[in-house]
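Here is a quick tour for anyone opening this one up for the first time. Have a look around, then read on.

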Amino acid sequence: MTTPPTLLIPRKLAPAVLERARDTYNVVLNEDDHVFTRAELIAACQDVDAVLPCHSEHFNADVIAALPQRLKIIANHSVGVDHVDLAAAKARGIVVTNTPDVLSDATAEIAMLCMLGAARRGSEGDRMVREGRWNFWSPAFMVGRQVTGRRFGVLGMGRVGQITADRARGFGMEIHYHNRTRLSPDKEKGAIFHDTVDSLLAVSDVLSLHCPATPDTTGLINGRTIALMPQGAILVNTARGALVDEDALVAALKSGRLFAAGLDVFRTEPGGNPDLAGLDNVFMLPHIGSATFETRDAMGFRALDNLDSFFGGGTPGDRLV
Ligand code: 8YV
């Protein structure tokens, strides 16, 4: 019998995923599920053939340089791979995969929650009732923005963006989008294409971010671009905190330039941003876009599919480099 490959799983994955991983691999776990320091991550990778990390494990160029020759594949449990230096991995001959598609529905649901929570003052109302401060009602009380009939701007019309647009259609919203390439009419489904980000921002009553964090998109939402948006617009971010200049966002939320924001992701994670947390017109969640039972299973299985295909001598379906 051949020895199974040794697989490092640095975070606590769904039970069914772990069970399947154990059937095929010699699994090394991080029992208490803490986030490894850089040194711990490097040390934990020394005696393994593969790693199945989350976005919390940062494979920067210096970490990749310290990986052993035997480690051949980083099979991410995420669609976003901004935590991995792909060029460095490629240069070392390390295969990198991700888990697209399987989290699109869950993330689109969270985008809708963020939109509605922001538009209808969800966290403000929840806290008022929960804290026993609800001692008044009037027709003028807690009035928010209705999204029905408004323009929904999608920045990044990939898999998550397209499904989020479908959900927003269900609210009777008019869909606008910007993408590097225009979609075919069957995928566009009547959505209005904008060939520049600025043009999209100018019509987005609700702007929902669905592009990856890259050097080009870092800080895309900033003082200048927020000023292009309609007065009283709503920003939804379920993609990556790096896309937004949070100081500019705080200023726009304080001044009323933006009505509200619904945020699942932040520049600093875990933790978030205390300046945003101090504002009533921010609806916030702790990066749980894909955190459903169904999706966690599907993400883990997809990462294992990629590993199985690699160790079976094939090319993983979600190979990035
Ligand atoms: C995941 C995500 O929860 O897949 C991504 O890119 O941001 C999240 O949905 C996380 O990355 C799991 O590793």
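## A look around the ligand and beyond

Let's begin with His287, which sits in the loop between strand 12 (282–284) and helix 13 (293–311). Keep in mind that this is a predicted model. Most residues other than glycine have a negative phi. His287 counts as partly exposed because its relative accessibility is 22%, and the cut-off for buried is under 20%.

His287 also belongs to the group of residues around the ligand, together with Cys54, His55, His77, Ser78, Val79, Gly80, Leu103, Arg240, Ser290, Arg296 and Met299. Sorted by class, that shell holds four nonpolar, six polar and two charged residues.

| Residue | Distance to a ligand oxygen atom |
|---|---|
| His55 | 2.9 Å |
| His287 | 2.8 Å |
| Arg296 | 3.2 Å |

How much of the ligand's accessible area does the protein cover? On its own the ligand has 320 Å², and the protein covers 93% of that.

Now over to helix 7, which spans residues 159–169. Its buried residues are Val160, Gly161, Thr164, Ala165 and Ala168. These sit on the same side of helix 7, because they cover an arc of only 135 degrees around the axis. And what lies over them? The cover for the buried residues of helix 7 includes helix 5 (104–119), strand 6 (151–155), strand 7 (174–178) and strand 9 (206–209).

Asp166 is in helix 7 too. With a relative accessibility of 26%, Asp166 counts as partly exposed.

Lys189 is in the loop between helix 8 (185–188) and strand 8 (192–193). Its phi is near 50 degrees, a positive value in a residue other than glycine. Lys189 is partly exposed, with a relative accessible area of 48%.

The other spot is Pro270, found in the loop between strand 11 (258–263) and helix 12 (274–277). Is the peptide bond that joins Glu269 and Pro270 cis or trans? It's cis, with omega at about -10 degrees. Most peptide bonds are trans.

Definitions and conventions: Residues are numbered from 1 along each chain as its sequence is written. This is a predicted model: local features need pLDDT of at least 70, side-chain atom pairs count only at pLDDT 80 or more; totals for chains, interfaces and linings use all residues. Side-chain values use heavy atoms; hydrogens and water are left out. Buried means under 20% relative accessible area, exposed over 50%, partly exposed in between (1.4 Å probe, protein chains only). Helices (H or I, at least four residues) and strands (E, at least two) are DSSP runs, numbered from the N terminus. The arc is that of the directions from the helix axis to the C-beta atoms. Contact means heavy atoms within 4.5 Å. A residue is near a molecule or strand if one of its heavy atoms lies within 4 Å of it. A polar contact is a pair of N or O atoms within 3.5 Å; within protein, one must be able to donate a hydrogen and the other to accept it, and residues adjacent in sequence count only if both atoms are side-chain atoms. Accessible areas come from the Shrake-Rupley method with a 1.4 Å probe; for residues, only the protein chains shown count as cover. Ala, Val, Leu, Ile, Met, Phe, Trp, Tyr, Cys and Pro count as nonpolar, Asp, Glu, Lys and Arg as charged, and the others, Gly among them, as polar.
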